[in-house]
Amino acid sequence: MTHSRFAAPSPAPHSPAGSALARYARAEPGFEARLAATQALLRQAADSGPAVQASSLGAEDMVLTDLINRLRLPIGIFVLDTGLLHPQTLALLQRLSEQQAAQAHAPLTIYRPRQEAVVAFVAREGDEAMRRSVALRKACCALRKLEPLERALHGQAAWVTGLRREQSEARSEVPPIDTSERARHGRLKFNPLADWSWGDVWHYIRRHGVAYNPLHDQHMPSIGCAPCTRAITAGEPFRAGRWWWEDDAAKECGLHVKPPIGEHP
Ligand code: SF4
């Protein structure tokens, strides 16, 4: 599969010029079949036992939450608020929290890092520690993301993510159902958008009027913490704006790399 590269603007009908919708939304062949397969995977996740969606509030995750709501599936939503999210992301989180409060089948829970661990890390290493070494960046991700993630996934039989194969080389073999966590943690990881294109994601968002992070309009296809996300330019890889000072091979925060969580240094 070809990995996403930042596309040159090509306005789509009924979308504000220059918006992410205008740039990316495409009705591509096979979309309806991919959508049907995604709906079937979400139903299977819900049938697996207690299930949650891990939402970064990115475009893919907003699509999945919309599908969970439309299908009225008992899949809770959780968001990791690292304490360093963009104001635009926090505003979307507030909006989504209010929306999900009216959805009894899919409550939204926010997980935050343990404050004492964050305070100790920043006191020891400083605010810009993540830029000094990959090890320090991963240490920051471990305390702000991985530890809260472990709490969020505790007791769950399934979790749902918005991973897509074309997002990066590291994700090029993402399966629709990942069983690698079953033996150790007793749960399945569902990736219902694994074979969706970036055009598919925005086609769905346009079709259903799904709310999305306005940072996507500012050339940020992949959005993380504010200090670790920048806009990208035409031709750059999809995740070039994440930890851009590191080699590509290091560009995962640990949420979606093996060995399973809990084994990271
Ligand atoms: S993305 Fe950056 S700021 Fe956020 S947890 Fe990881 S290193 Fe820390």
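Me: Which residues come nearest to the ligand?
Reply: Keep in mind that this is a predicted model. There are 13 residues around the ligand, and by class that shell holds 8 nonpolar, 2 polar and 3 charged residues. The ones that come nearest are Cys 140, Cys 141, Arg 144, Cys 225 and Cys 228.

Me: Which strands does helix α6 lie across?
Reply: Helix α6 covers residues 134-153. Its direction is at about 165° to β2. The strands it lies across are β1, β2, β3 and β4.

Me: What about helix α2: at what angle does it run to β4?
Reply: Helix α2 takes in residues 31-47 and lies across β1, β2, β4 and β6. Against β4, helix α2 runs at about 150°.

Me: Which are the edge strands of the open sheet?
Reply: The sheet has 6 strands with mixed pairing, in the order β3-β2-β1-β4-β6-β5. An edge strand pairs on one side only. That picks out β3 (108-111) and β5 (177-178).

Me: In β4, which residue is the bridge partner of Ala 51?
Reply: Strand β1 spans residues 51-55 and β4 spans 158-160. The two run parallel, with 3 bridges joining them. In β4, the partner of Ala 51 is Ala 158.

Me: Stepping back, what share of the protein chain's residues is buried?
Reply: The chain has 8 helices and 6 strands, running α-α-β-α-β-α-β-α-α-β-β-α-β-α from the N terminus on. To count as buried, a residue needs 20 or more other C-beta atoms within 10 Å of its own. Of the 265 residues, the buried share is 39%.

Notes. Residues numbered from 1 in each chain as written. Predicted model: local features only at pLDDT ≥ 70, side-chain atom pairs only at ≥ 80, totals over all residues. Pairing = 2+ DSSP bridges. Helix = DSSP H or I, 4+ residues; strand = E, 2+ residues; numbered from the N terminus. Contact = placed C-beta atoms within 7 Å. Axes fitted to C-alpha atoms, helices over the stretch in contact; angles between N-to-C directions. Near = placed C-beta within 6 Å. Nonpolar A, V, L, I, M, F, W, Y, C, P; charged D, E, K, R; others polar. Buried ≥ 20, exposed ≤ 12 C-beta atoms within 10 Å, placed from the backbone.
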